[in-house]
Amino acid sequence: MKITGVNIYRVELPLHEGSYKWSGGRSVEVFDSTVVEIKTDAGITGWGEVCPLGPAYLPAYAAGARTGIAEIAPQLIGLDPTQLGLINRAMDQALRGHPYVKSALDMACWDILGQACNQPIVNLFGGRYGETFALYRAISQDTPERMAANVGKYRAEGYTKFQLKSGSDVETDIARIHAVAAELLPGDVLVADANCGWTQHEAMCVAAGVRDVNVYIEQPCLSYEECLVVRRHTNRPFILDEVIDDLKTVVRGYSEQAMDVINLKISKVGGLTKARQIRDLCVSLGIAMTIEDTWGGDIITAAIAHLAHSTPPEYLFSSTDFNSYVTVSLAEGAPQRQHGRLAASTRPGLGIAPRREVLGEPVLTVR
Ligand code: MG
């Protein structure tokens, strides 16, 4: 099988709640998502998606994703999309770094491989653990009272894992964590995600201020080194996210006991191939994971579900259903949340069929 062409689409994804706010006063109102379509000489078409959390979250931005895909795609014409190792090597040779650019292309090739062998990706990733897996719900940054009020609303939708967007001033964040924790029921999970928003001394103050609260602390500071200092001074379980952008950092974090859980985002590490490599290593090392992406619609939610559902449940800390946050449906067949849980498709590949009327015309075509 050979790749004969790549189409790139741009889709806007507005939010049901109007906006999504996190540390440093950052927010997004309409997500700018990029969808790729890979065509083959076998008549099989593969789909992928990448959607950065705005331009100021990671070193990634939506227009950069499209520019980078346009740079790499000509190098993939004529290659066999079912040979994922060779595809990834070709992408790394065509463009150094820029992992998020490669994610949608890698995802589309997995979609093709699954269709070619008539298997859902979850099977190719090792198999399906149980019927469903649990999701977390992000609570957009707001006053402590309004954030606490959202816990009941999201629990009514079935969620029992809550990720509190913190990372602003110390006193407000301590108040947010206490206010939300007061709403928890036995078995609920609370994460305070600072998204790099605290300096080291601020993080130390927050950690001390919540030392008696049942809360996980996620990515308090910008650098790995600052996070490590906080980790070594807190009694709370600890999650690293933004700094975990490749396998080497996972190995370093493991050897230095820098975290209990990592947040594994597909596009942050360069696609499903590399995310699966990190997932398998973490399972072998005993590191639990939140498996998700930076954002996205139906295609990314489908891809997340295949990776999350093929992860042993004791190591799957949580996952995300981004397609329930946005008002636009990109594709039919994507998994839909039920009682706070999700399941990977049983159909071949990603198991989705894009809605052409939503995608519109490609913004770029490579042949
Ligand atoms: Mg995070």
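**View 1. Lining of the second largest cavity in the predicted model.** Y136, K161, F162, Q163, V189, V191, E218, T290, F317 and S318 line the second largest cavity of this predicted model. The space inside the second largest cavity is about 60 Å³. Three strands, β8, β9 (189-193) and β14 (316-319), each give at least two residues to this lining. β8 contributes the most, with three residues. Sorted by class, the lining of the second largest cavity has five nonpolar, three polar and two charged residues.

**View 2. The largest cavity and the residues around its centre.** Two cavities of 30 Å³ or more turn up in a search of the whole structure. The largest cavity holds about 100 Å³ of space. Its lining is made of 17 residues, and those nearest the centre are Y20, Y136, K165, K265 and E292. Strands β8 (161-165) and β12 (261-265) each provide at least two residues of the lining of the largest cavity. Seven charged residues, six nonpolar and four polar make up the lining of the largest cavity. Domain 1 (3-118 + 354-366) and domain 2 (123-353) each give at least three residues to the lining of the largest cavity.

**View 3. The largest pocket and the helices that line it.** The largest pocket contains about 300 Å³ of space. It is lined by 13 residues, with D245, D246, L247, V269 and K274 closest to its centre. At least two lining residues of the largest pocket come from each of the helices α3 (99-116), α9 (247-255), α10 (266-269) and α11 (272-285). α11 has the largest share of this lining, three residues. By class, the lining of the largest pocket comprises seven charged, four nonpolar and two polar residues. At least three residues of the lining of the largest pocket belong to each of domain 1 (3-118 + 354-366) and domain 2 (123-353).

View 4. About 170 Å³ of space is found in the second largest pocket. Among the 13 residues lining the second largest pocket, L58, P59, P99, D245 and K268 are the closest to its centre. Helices α3 and α10 are the elements that supply two or more residues to the lining of the second largest pocket. This lining has seven nonpolar residues, along with three polar and three charged. The second largest pocket lies between domain 1 (3-118 + 354-366) and domain 2 (123-353), because both domains give residues to its lining.

Methods
Residues numbered from 1 in each chain as written. Predicted model: local features only at pLDDT ≥ 70, side-chain atom pairs only at ≥ 80, totals over all residues. Heavy atoms only, no water. 1 Å grid on protein atoms, 1.4 Å probe; cavity = no way out; pocket = protein on both sides within 12 Å on 5 of 7 lines; lining within 4 Å. Points joined across faces, edges and corners; volume = space filled by probe spheres on them. Helix = DSSP H or I, 4+ residues; strand = E, 2+ residues; numbered from the N terminus. Nonpolar A, V, L, I, M, F, W, Y, C, P; charged D, E, K, R; others polar. Domains from an automatic or database assignment.
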